[in-house]
Amino acid sequence: MARYFLRKLVVYALTFVVAVTIDWAIPHLMPGNPVNTLMGRIQIQDPKVAHQVYEHYMRAFNLNLPLWKQYWYFWVSLFHGDLGTSILEFPTPVMSIITHAIPYTLALLVPAIALSWYAGNKFGALAARRKTLDNTLLPLGYTLTATPYMWLGILLIWVLAVIWHVFPVGFAYDPTAVRGFTWSFTSNLAYHWFLPFLSLFLVAFGGWAIGMRNMIIYELESDYAHYLGALGAPHRLIRKYAFRNAMLPQITGLALALGAILGGALVTEIVFSYPGLGYQIYRAITNEDYFVIQGIFLFIIIGVLLANFVVDIVYLIVDPRTRIGMEGGRS
Amino acid sequence: MSSVPTAPLASPADPTKVEELPIRQPMSGFRESLHFALRNKKLLYGLSMTTALLLFALIGPFLAQHGPLEYAGQLSLAPTTKGGHWFGTTLQGQDVFAQFVTGLRLAFIVGALGGGIAAIIGMVIGFTAGYRAGFVDEVLNMLTNVVLVIPTFALLLVIAAYLQVRGVLMEAVFIGITSWPWAARALRAQTFSLVSRDFVDMARLSGRSSWKIIFREIAPNMSSYLFMMFILLFGGAILIAATLDFIGLGPSNTISLGQMMQLSVQNAALQLHLWWWFLPPGLAIMALVGSLYVMNVGLDEVFNPKLREM
């Protein structure tokens, strides 16, 4: 078990170093002096602000230092929580933009992932080898999982918000709402949260349901299931065992799917103008606010690594083979 | 099995007809696959849908009467048969049909190229890791795990944001070199289970080179698996490309399905009810990727007798 954890930790540490290095290297790899390129592209009219931005970039990139020192300082400022300053909202630090955006992204992602995973597994397991349910779930699941996240969002807005006026078109809350821990504001938040959540949930649900259905069919055709059947075990029992075995790949799949769902959340936020990380990154990209892009990337890396670690622990609890040092949880 | 023609009973006295004795020859692998393939609804549906879309992507641009980015005459025109605006025009007066077929063609290019590159990298790494256990395996496995954990989509965002000129080819290459890990991992496991078989040992004893053994002995035994892997990578690449394009990191100087959606949202096409602008691109991606996935299940059932529905 210690070996299992050690391997995982090495992978995560290595991933983090690689990701940070890439994050640092990309501006340096591009041809020319990155500061001049950036200044040329952002085109700030006010010469005083332009000078300030230029100074800031020069300090941030430390271009006069040798490369290894620049790299070292990148790490130092990273551990001091300094991710640079936003150009679009000039003296706002990138860190504060991110900490303001994160709650919204998490509020969408966590329930969408958890509920879609749970419901997808349940429905997928129910549908496997049951004709009528399978004939509806299978096409539905494939349609959903093949839908681009943003398009489902567009569709939901168009039908439910623009045509029927049942839900708001976007944003996290009404611009007129008074912020605070009041019932009216909370319900306003929930009202605006529902559609982006739903569109994330639906696409992810399709994938989990299909995955579980296929896994259960594999399990039901395996030797132990046939043997149990030959012994006269009730169907319910066989399906229960099949479900337990099919869960393991679904847990591993959770770690694998994180990146895709995250990408989905980013574009869903853009469609709904929901002020999470995705919306911020979109704003940063369209306005060429590079430190924000790089900072959000680092945060996404950290989040995904943490989530992977949680999945590993869950796997350890669910699969007894990893605990007694067998090969069940091999990375 | 009803389609297998049963040979007419030959009289034992006639020695020339011995070969036609009604001994059921086991069907060859290919014929058996074909037999089940032609009866698999999922496969047939997926294949015909994909083919139809491919033909549309190939022929469509020749039917379009306007360039995808040029001003085509009228703003926000609803679909009409007049002037070739079958899908209407955008808020800026560009022909949606022309944009749609261009985007569809790009989707196929990105899918084939991105999926192809990912499949090749996945095969090289998966085969090597599975065939050469030990240190090489450890290193490649570590590499796979690192790329697997990195949220590659976010990585693509950062890289694409810094590129000044973006092309379809570059997008496909980037998608290819970031989406191979799961394929490599699956192939490594498959290779692992084949390496210890007798026929591989025989090939080794005969002194053949490793790559020859991998491509002559191991790969053909999972050809169906490789094909299905490519289909999944193909569909995945299309979805990733659409997402990137939607964020505004699509190819410069042309238009993709993702960019169509981005522009329609940016220009408030939803509020203006210009449904002909934002419905077709998403619908096309959904139909294409969905039919690829359904085709994949169909193939799985064809190649794996356990999965066939009785």
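Which residues in helix 3 of chain B meet helix 12 of chain B? Point 2 takes this up.

1. Ground rules. This is a predicted model, where local features need pLDDT of at least 70, side-chain atom pairs count only at pLDDT 80 or more, and totals for chains, interfaces and linings use all residues. Residues are numbered from 1 along each chain as its sequence is written, chains are lettered from A and ligands numbered from 1 in the order in which they are written, and side-chain values use heavy atoms, with hydrogens and water left out.

2. Helices 3 and 12 of chain B. From helix 3 of chain B come B:Val96, B:Gln99, B:Phe100, B:Leu104 and B:Phe108. They meet B:Trp276, B:Trp277, B:Pro280, B:Pro281, B:Ala284 and B:Leu288 in helix 12 of chain B. Contact means heavy atoms within 4.5 Å. The residues of this contact divide into ten nonpolar, one polar and no charged. Here Ala, Val, Leu, Ile, Met, Phe, Trp, Tyr, Cys and Pro count as nonpolar, Asp, Glu, Lys and Arg as charged, and the others, Gly among them, as polar.

3. Their geometry. Two packed helices are described by the angle between their axes and the distance between the axes. The axes of helix 3 (residues 96-131) of chain B and helix 12 (residues 275-303) of chain B come within 10 Å and cross at roughly 25 degrees. That makes helix 3 of chain B roughly parallel to helix 12 of chain B. Axes are lines fitted to C-alpha atoms, for helices over the stretch in contact, and angles run from 0 to 180 degrees between N-to-C directions. Angles under 35 degrees count as roughly parallel, over 145 as roughly antiparallel, 65 to 115 as roughly perpendicular and the rest as oblique. The crossing is right-handed. A crossing is right-handed if the near helix is turned clockwise from the far one by less than a right angle, and left-handed if anticlockwise.

4. Chain A overall. Chain A has 13 helices and zero strands. Helices (H or I, at least four residues) and strands (E, at least two) are DSSP runs, numbered from the N terminus. The C-alpha atoms of chain A fill a box of roughly 85 × 55 × 40 Å, taken along the principal axes.

5. Helices 6 and 8 of chain A. The axes of helix 6 (residues 131-146) of chain A and helix 8 (residues 183-220) of chain A come within 7 Å and cross at roughly 130 degrees. That makes helix 6 of chain A oblique to helix 8 of chain A. Their crossing is left-handed. The contact includes A:Gly141 of helix 6 of chain A, and A:Gly206 and A:Gly207 of helix 8 of chain A. By class, the contact has nine nonpolar, five polar and two charged residues.

6. The interface. Chain A and chain B bury about 5200 Å² between them, 75% of it on carbon and sulfur atoms. Buried area is the accessible area (1.4 Å probe) that two parts lose on being put together, summed over both. A:Tyr142, A:Trp151 and A:Trp158 supply 12% of the area that chain A buries against chain B, more than any other three residues. The contact takes 59 residues from chain A and 54 residues from chain B.

7. Salt bridges. A salt bridge is a side-chain nitrogen of Lys or Arg within 4 Å of a carboxyl oxygen of Asp or Glu. Across the interface of chain A and chain B the rule finds one. B:Glu138 and A:Arg7 meet in a salt bridge (3.7 Å, N to O). Within chain A, A:Lys8 forms a salt bridge with A:Asp312, the closest N and O atoms being 3.5 Å apart. A:Lys8 lies in helix 1 (residues 2-29) of chain A and A:Asp312 in helix 12 (residues 290-318) of chain A, so the pair ties together parts that are 304 residues apart in sequence.
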